[in-house]
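Visitor: I am new to this structure and would like a short tour. Could we begin once it is on the screen?

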Amino acid sequence: RRAAFAAFAAARALEAAEVAASRARHGFEQHLSSLQKRGLLRRACRWREAPDEVKEDERYRQLKERCRELAEAKQSKLSEEPHHPGAVFDGFVAKLRQAYPAHLARASELAGRCSTLCAADSLPDFVAKLAAWEEAEERRDGAGEEGGGGNGNGEKTSDAHADAAPPPPRAAELLHEAVAAAHELTVARLGGGEGA
C-alpha cells in the first residue's frame, strides 16, 4: 500500500508540475508576443542573442522555475524539457519564420488594393476614392461570406486565401495607419500646392 500511495503521490506531483509549467509557458509566450509587436524580436533572433527584455520579465523567471520543478519531478535534465525557456523561444521564432511569407503576401495584397488612395489629386477626390474603396471592400467581404466559397452543389471550394496564415494581429491597424498617412500626404501636398 505504501508503495502504491507513493507512486500515486508522485504521479499527482508530476501532473501538477506539468500543469504549472504549461501555464508558465503560456505566460512566457505572451511576453514574447508583446516583445515581437514592439519590434524587439525578429525572425532571425537566437536564444543566446535574445534581447535583455526577454529575461528581465517575471514570466521568464516563473517558466524557468516551473521547468526546473518539472525536470526534478521527471528526474530528467532541465535542457531536455520542452518547456525550457530556450526551447519555447526557439519555437516562437520558428513560427515567425514560417508565417513570414504569408504575412508578406497579405501585406503586398493590401498595399496593392490601397494604392489608388495615394493617387488622389484633391482632398474631395481622396475622400471619394476612400469611400469607393471601403464600399468595394465591404462588397468583397460580403460576397465571400454569402457565397461561402461554394461551387453550386453545396460543396465548399478552396479560396485563394483559405490555406494562408491569417494576417498579423496588427494588419488592420497598419492598414488604417497607411490610409491615414496617405491622407496626410495628400493634404500636405494639396496645402503646399495651394500656398505656392
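Guide: One term is needed at the outset: a residue is called exposed if its relative accessible area is over 50%, and buried if that value is under 20%, with partly exposed in between. Please also keep in mind that this is a predicted model.

Visitor: Then how does glutamate 72 count, buried or exposed?

Guide: Glutamate 72 counts as exposed, because its relative accessibility is 51% and the cut-off is 50%.

Visitor: Which side chain does glutamate 72 meet in a salt bridge?

Guide: Glutamate 72 meets arginine 68, at 2.5 Å from N to O. The two residues are four apart in helix α3, so about one helical turn separates them. Arginine 68 is partly exposed, with a relative accessible area of 33%.

Visitor: Why would such side chains pair?

Guide: In general, side chains of opposite charge can pair when their charged atoms come close.

Visitor: How many salt bridges are found in the whole structure?

Guide: A search of the whole structure gives seven salt bridges. One of them joins arginine 25 to glutamate 29, with the closest N and O atoms 3.2 Å apart. Both residues lie in helix α1, four residues apart. Arginine 25 is partly exposed at 23% relative accessibility, and glutamate 29 is partly exposed at 25%.

Visitor: What about arginine 139?

Guide: Arginine 139 forms a salt bridge with glutamate 135, at 2.9 Å from N to O. These residues are four apart in helix α5, which covers residues 123-147. Arginine 139 is exposed, with a relative accessible area of 52%, whereas glutamate 135 counts as partly exposed at 46%. Elsewhere, salt bridges with shared partners join Glu65, Arg68 and Glu72 into one network.

Visitor: Changing topic, how many aromatic pairs are there?

Guide: The whole structure contains three aromatic pairs. In one of them, the rings of phenylalanine 28 and tyrosine 60 have centres 6.0 Å apart and planes at 50 degrees, so this pair is tilted. The pair links distant parts of the chain, since phenylalanine 28 is in helix α1 and tyrosine 60 is in helix α3, 32 residues apart.

Visitor: And how do tryptophan 47 and tyrosine 60 sit?

Guide: Their ring centres are 6.1 Å apart and their planes are at 45 degrees, so this pair is tilted. Tryptophan 47 belongs to the loop between α1 and α2, so the pair ties together parts that are 13 residues apart in sequence. Tryptophan 47 counts as buried at 17% relative accessibility, and tyrosine 60 counts as buried at 10%. Ring pairs link Phe28, Trp47, Tyr60 and Phe89 into a cluster.

Visitor: What sits over the ring of tryptophan 47?

Guide: The charged end of lysine 55 does, at 4.7 Å from the ring centre.

Visitor: How many residues are in the largest nonpolar core?

Guide: That core has 16 residues, and those with the most contacts inside it include Phe28, Trp47 and Phe89. The elements that give two or more residues to the core are α1, α3 and α4. Helix α4 gives the most, with five residues.

Visitor: One last stop: where is histidine 31?

Guide: Histidine 31 lies in helix α1, residues 2-37, and is buried, with a relative accessible area of 4%. Its side chain reaches the backbone oxygen of valine 54 at 3.4 Å.

Key: Residues are numbered from 1 along each chain as its sequence is written. This is a predicted model: local features need pLDDT of at least 70, side-chain atom pairs count only at pLDDT 80 or more; totals for chains, interfaces and linings use all residues. Side-chain values use heavy atoms; hydrogens and water are left out. Buried means under 20% relative accessible area, exposed over 50%, partly exposed in between (1.4 Å probe, protein chains only). A polar contact is a pair of N or O atoms within 3.5 Å; within protein, one must be able to donate a hydrogen and the other to accept it, and residues adjacent in sequence count only if both atoms are side-chain atoms. Rings of Phe, Tyr and Trp (its six-membered ring) pair if their centres lie within 6.5 Å; planes under 30 degrees apart count as stacked, over 60 as edge-to-face and the rest as tilted. A charge sits over a ring if NZ of Lys or CZ of Arg is within 6 Å of the ring centre and within 35 degrees of the ring normal. A nonpolar core is a set of buried Ala, Val, Leu, Ile, Met, Phe, Trp, Tyr and Cys residues joined through side-chain atoms within 4.5 Å. A salt bridge is a side-chain nitrogen of Lys or Arg within 4 Å of a carboxyl oxygen of Asp or Glu.
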